[in-house]
Amino acid sequence: MLEARSVALVGASARPGSLGARMIAEVARSPSRPRIYLVNPRYRDINGVPCLPALADVPEPVDLALLAVPDCALEAQLGTAARHPARSAVIFGSAYDAPGTGGLRNRLAAIARDAGMAVCGAGCMGFVNVARGLRAVGYLEPDPLPAGPVALVTHSGSVFSALLRARRGFGFTLAVSSGQELVTTAADYARYALSLPQTRVLALVLEAIRDAAGLRAVLAGALAADVPVVLLSVGASEAGQALVTAHSGALAAADGAWEALAGAYGVHRVRDLAELADTLELFASGRRAAPAPATGVATVHDSGLERVHAADLAAELGVPFAPLAGATRDRLAAVLDPGLAPANPLDVWGTGRDTEPLFTECLSALADDPEVAAVALAIDLVPEFDGDDAYPRAVLAAAAGTPKPVAVLAGLAASVDPDAAARLRAARVPVLEGTRSGLLALRHLLDHAWRPPQPPPAPDPPGAAAARWRRRLAQGRPGGPLSGPVSGPVSGPVSGTALFGLLRDYGIPAVRARAARTRAAALDAAAAVGYPVVLKTDEPGIAHKSDVGGVRLGLGDPAAAGAAYDDLAARLGPRVLVCEEAAAGTELALGITQDPALGSLLVISAGGVLIEIFAERAVLLAPVTRPAALAALRRLRLAPVLAGTRGQPAADLDAIADAVTGLSHLACDLGDVIEALDINPLICSSAGALAVDALLIPRLPPPPSPPPPQPPPHPTPPPPRQSPPPPTQAPTGVS
């Protein structure tokens with residue numbers, strides 16, 4: 001499809017401005033000069049080129065058929081293409097599934113799969129393979145399209161056109177508007193793009209994960225090849241009923257799958273098109289941020305206020321400025337006007353004299369500092385009405401004298417001088433068109449230089465604990481704790497002592513606990529556990545105990561424990577858990593939730609009653625390594641609390657990481673039978689990490705498929721009254 005040598009244009013048209021006419025013009029511009037066949041029964045020829053009445057009349061099996069036909073004709077035309085045969089197709093139309101039509105998109109996908117056809121679309125704008133010289137689009141795009149290192153795969157036709165027409169400092173190897181991906185997915189296009197030696201940056205603009213295994217394989221390949229992947233994702237993961245019940249699922253549902261996928265494979269997530277374009281331009285320049293001992297960026301400004309503004313934004317966005325060595329400060333001080341401090345970020349504007357040599361020397365001095373990973377000239381790059389081009393000359397000179405990335409960081413895209421920007425970009429100096437988006441692009445550049453290069457590990461083989469707990473989950477008591485073999489699968493949330501046992505089997509410490517259903521049993525359990533104790537309701541159907549007043553803390557003697565039991569039993573029911581009281585510490589929550597595409601996700605968040613108030617979480621793909629667990633913990637806003645603040649002792653981060661990796665092993669072993677699992681809270685202190693409460697929601701097996709419909713029984717004909725009916729007459733009730 002992407003390197004087609006013969007193309008049939010079904011729906012070719014002579015009408016100016018039509019999809020069929022634009023399609024002809026675009027394919028004809030292909031530098032590879034494929035053999036082109038026009039197909040439309042309404043024309044004998046179009047502008048002197050013969051036009052065939054049907055795809056079946058094309059004299060050879062074509063590599064690619066472009067279908068510029070109404071939705072009502074798509075099924076017939078794709079079927080003809082499959083029989084002719086065509087090896088692939090582009091479906092521009094949306095293939096709208098009107099109610100009661102029987103699923104047009106499904107039928108189109110079935111036709112293509114049965115024929116082994118690749119399909120771009122439906123609802124797409126096609127593709128341009130710049131590296132191989134093929135244009136297969138139905139809309140007029142720049143000609144020639146700039147060649148460069150970026151491969152773009154987008155579900156959005158609008159983003160496809162916007163980036164092709166953006167006049168930015170990067171070009172393309174391949175650009176695909178993949179649409180609905182009825183057959184061929186983003187992973188397929190990305191895999192092809194990575195096979196092109198010219199592809200050095202992969203851009204993905206996606207609204208869904210339609211081929212999770214393929215996408216993970218592609219991202220692993222990009223990671224191994226050191227090809228940066230820049231992702232703009234939209235939409236949220238679908239969540240089942242379990243995600244409403246389990247806190248972890250609710251926290252992960254927003255876009256946890258994308259976060260986990262990006263974190264596992266070092267993907268650079270961007271939040272809007274401005275950040276996407278700036279990041280692509282910076283990566284496409286070919287220069288990478290200097291690795292250690294470099295610690296941050298350096299910027300040079302011609303405005304004191306904009307310097308402070310950039311510093312404020314960088315602090316907000318987590319973009320570090322490099323500290324300057326003494327030699328660098330001395331070198332800057334030697335050229336700065338009096339009153340200007342040799343600092344980073346650096347304000348250079350004083351009297352305005354000798355602009356070009358001054359800015360060149362300052363940029364060069366910063367680039368030579370070993371702590372500086374990348375340098376930016378942070379100016380507005382406005383048109384200069386007196387023709388002064390000192391700024392472009394200065395940044396070009398500085399870039400020529402260093403292998404480090406050197407960019408222009410413009411404050412306002414609307415005021416950038418297009419001629420000056422084009423001149424800089426022609427010399428491969430990126431022009432970043434916004435302070436916020438440009439700083440974020442610089443952070444992506446730093447992250448790429450400093451992140452670990454290894455892909456996620458393969459999960460360990462399941463051990464004996466996995467087989468044992470798989471059996472117990474299949475034999476648990478409906479709606480209650482796993483306390484003995486019964487018939488039928490678990491049908492509701494699971495908590496209780498058995499669940500604490502499951503956690504311990506995977507290396508997650510948990511409080512001592514005993515179940516009780518009477519006052520006397522509760523007091524016996526408290527004596528066995530040891531005072532002070534905590535009583536919690538263990539009634540089936542109560543997922544979040546604190547919400548219903550179902551937790552009583554600090555019960556120091558039998559009188560207090562008995563009174564607490566009486567209260568819980570009267571309000572909520574007789575079943576309780578009697579637990580040891582954990583020492584004070586910072587409360588976290590750990591969880592497992594299931595994503596429809598990626599499977600088990602791990603969620604780390606603030607715990608206790610603050611879990612939904614903070615609404616902050618880290619979402620990881622299982623399996624999770626210890627370094628990945630520690631990195632996720634350090635990204636939380638709670639990280640300073642865990643590290644110890646205001647005289648409070650620091651929590652044992654290694655113990656918390658052990659709990660995370662233990663839960664990761666549990667997810668890998670049992671994720672297919674667990675819909676969600678919450679540990680909330682996990683109390684973290686200098687003594688370690690201790691699970692205090694937990695909730696498990698099993699995944700029920702799918703309902704059995706209904707039996708195939710049976711034909712109605714053949715009715716018995718009525719006995720003849722006098723003579724049998726004639727042979728041509730059917731008995732009553734038979735058709």
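Me: Why is Arg-353 called partly exposed?

Reply: In this predicted model, Arg-353 has a relative accessibility of 45%, and because partly exposed covers the range between under 20% for buried and over 50% for exposed, Arg-353 counts as partly exposed.

Me: What makes Asp-337 buried or exposed?

Reply: The relative accessible area of Asp-337 is 6%, and since buried means under 20%, Asp-337 is buried.

Me: How do you know that Arg-353 forms a salt bridge with Asp-337?

Reply: The closest N and O atoms of Arg-353 and Asp-337 are 3.0 Å apart, and the rule asks for a side-chain nitrogen of Lys or Arg within 4 Å of a carboxyl oxygen of Asp or Glu, so the pair qualifies as a salt bridge. Arg-353 sits in the loop between strand E16 and helix H13, while Asp-337 sits in the loop between helix H12 and E16, 16 residues apart.

Me: Why is the contact between Arg-29 and Asp-143 called a salt bridge?

Reply: Their side chains meet at 3.8 Å, N to O, and the cut-off is within 4 Å, so the name applies to this pair. Arg-29 lies in the loop between H1 and strand E2 and Asp-143 in the loop between E9 and strand E10, so the pair ties together parts that are 114 residues apart in sequence.

Me: What makes Arg-29 partly exposed?

Reply: Its relative accessible area is 32%, and because this class runs between buried, under 20%, and exposed, over 50%, Arg-29 is partly exposed.

Terms used: Residues are numbered from 1 along each chain as its sequence is written. This is a predicted model: local features need pLDDT of at least 70, side-chain atom pairs count only at pLDDT 80 or more; totals for chains, interfaces and linings use all residues. Side-chain values use heavy atoms; hydrogens and water are left out. Helices (H or I, at least four residues) and strands (E, at least two) are DSSP runs, numbered from the N terminus. Buried means under 20% relative accessible area, exposed over 50%, partly exposed in between (1.4 Å probe, protein chains only).
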